[in-house]
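A plain report with one table is enough.

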Amino acid sequence: MTRSFTPKLLAGAILMACAGLAQAATITISCGTVGQDYEFCKRATDEWARKTGNSVKLVSIPTAPSDILGLYRKLFAAKSSDMDVVTLDVVWPGMIGNHLIDLTPYAKDEAKKHFPAIIANNTVKGKLVAMPWFTEAGMLYYRKDLLEKYKQPVPKTWEEFAKTAAAIQEGERKAGNNDFQGYVWQGKAYEGLTCNALEWVYSDGGGTIVDEQGNITINNEHAAKALDTARGWIGTISPQGVLNYAEEDARGVFQNGKAAFMRNWSYAWALAQGADSRVKDKVGVTTMPGGGKGQAATLGGWQLSVSKYSKHPDEAADLVMYLTSEREQKRRAIEGSFNPTYPALYEDKEVLAANPFFTNLYQVLQNALPRPATVTGLKYNEVSQSFWNATHEVLSGRTNGTDAVKKLEGRLKQVKRNKW
Ligand code: GLC
């Protein structure tokens, strides 16, 4: 059947189309830069643009979280409308929440469906400044085939872990695999090192750098020992180059079949299982090894927010709700192994089939260790930077654990001055 328009109807249709066009906005968004972040973001934002008639511009941002933060701070200081939607690390709401709109009216009942702890983390002075996009926790990736070959169990303590990594490394190198490594992780001086080192320190009973009351607790023998232990891995089970590794560097080595163990976040699973991966079907994922105080997995994850200086807050918020929706998170979980922030998705059969380790991860995420961001508020980045620098000095042999944590305490007192 052919449709015939009367002149009146046609005029109405043209008017409506023009009105729609007049309202169409271009929304600028910063997507992540790690692994498949960009491709996933591109596909979903393109879809939203097609559905709504708006357009989306993807802005490239630096890789290191503190550089991204620095960029946002500049834009916010200038009240720039250049960026509408921004990605936020889980440790940032307290630092830049004042520059973000309250998403409560847009989220309506949706906020209740996410993990309450993340919603609480993203609520600053009663305002929901960020919608949870994905969550994560530090995990240990291991080569199932090599543990079997060397008849080793999955290590549970740091001590067992170092021995196992050394044994596999030695065996593989003897067999001609000269550049094979026991353990790859994030040892560069950046936020990722804070995440790694917090796990060593906490699991050895050395606390969380700053406790929940805001006291500086890092100057203690357990923390010192944990840093010295990690220093012992450099040049033994880990390459010297690990001092310059971020997530993607560690993944490159592991996925190329050149390491027995890797610490990383969930996104590395989908890639390790990819068609072009040398370790496809050879990888297991488990909790990080533990020390005297038990086991620790640093809490990570990213959120989406709308800048207060956006000229299109309604459209930007609509995009945020679209990208953080249960449907989109399910797809990202199945195809990219991103951990959803909807508890319900941890019982979803398709999600679990794609990511068998999500069953255990649910517990790990519930108990994941937050960095001391809420208590140190605006100063968190300085706290973290002081910690990763102190850690890096120990790892590179410029100082020892005891001196490093003492000096760090002094530095943190300066950062704190009277209060956080
Ligand atoms: C991951 C985590 C984030 C953390 C970063 C460190 O992106 O989600 O929370 O700060 O790694 O590199």
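The model is predicted, so local features need pLDDT of at least 70 and side-chain atom pairs count only at pLDDT 80 or more, while totals for chains, interfaces and linings use all residues. Residues are numbered from 1 along each chain as its sequence is written, and side-chain values use heavy atoms, with hydrogens and water left out.

**Ligand shell**

| Side chain | Distance from its N or O atom to a ligand oxygen atom |
|---|---|
| Asp-89 | 2.5 Å |
| Glu-247 | 2.7 Å |
| Trp-302 | 2.8 Å |

On its own the ligand has 310 Å² of accessible area, and the protein covers 94% of it; areas come from the Shrake-Rupley method with a 1.4 Å probe.

The ligand sits in the second largest pocket, as more than half of its atoms lie within 2 Å of the pocket's grid points. Helices (H or I, at least four residues) and strands (E, at least two) are DSSP runs numbered from the N terminus.

**Pockets**

Pockets and cavities are found on a 1 Å grid over the protein atoms alone: a pocket is an open set of points with protein on both sides within 12 Å along at least five of seven lines, a cavity is a set where a 1.4 Å probe fits but cannot get out, and lining residues have an atom within 4 Å of a point. Grid points are joined across faces, edges and corners, and a volume is the space filled by probe spheres set on the points.

The second largest pocket holds about 480 Å³ of space. It is lined by 30 residues, and Val-34, Thr-63, Pro-65, Glu-247 and Trp-302 are the closest to its centre. Two or more lining residues come from each of helix H3 (65-77), strand S3 (85-89), strand S6 (131-137), H9, helix H11 (247-255) and S13. The lining divides into 13 nonpolar, seven polar and 10 charged residues.

The largest pocket has about 630 Å³ of space. Among its 24 lining residues, Leu-299, Ala-368, Leu-369, Pro-370 and Arg-371 lie nearest the centre. By class, 16 are nonpolar, five polar and three charged.

**Cavity**

How many cavities of 30 Å³ or more are there? The count comes to one. The largest cavity has about 30 Å³ of space, and Val-90, Ile-118, Phe-134, Thr-135, Gly-300, Gly-301, Trp-302, Gln-303 and Thr-341 line it. S13 supplies the largest share of this lining, four residues, and S6 gives at least two. Four of the lining residues are nonpolar, five polar and none charged.

Definitions and conventions: Polar contact = N/O pair within 3.5 Å; in protein donor to acceptor, adjacent residues only side chain to side chain. Nonpolar A, V, L, I, M, F, W, Y, C, P; charged D, E, K, R; others polar.
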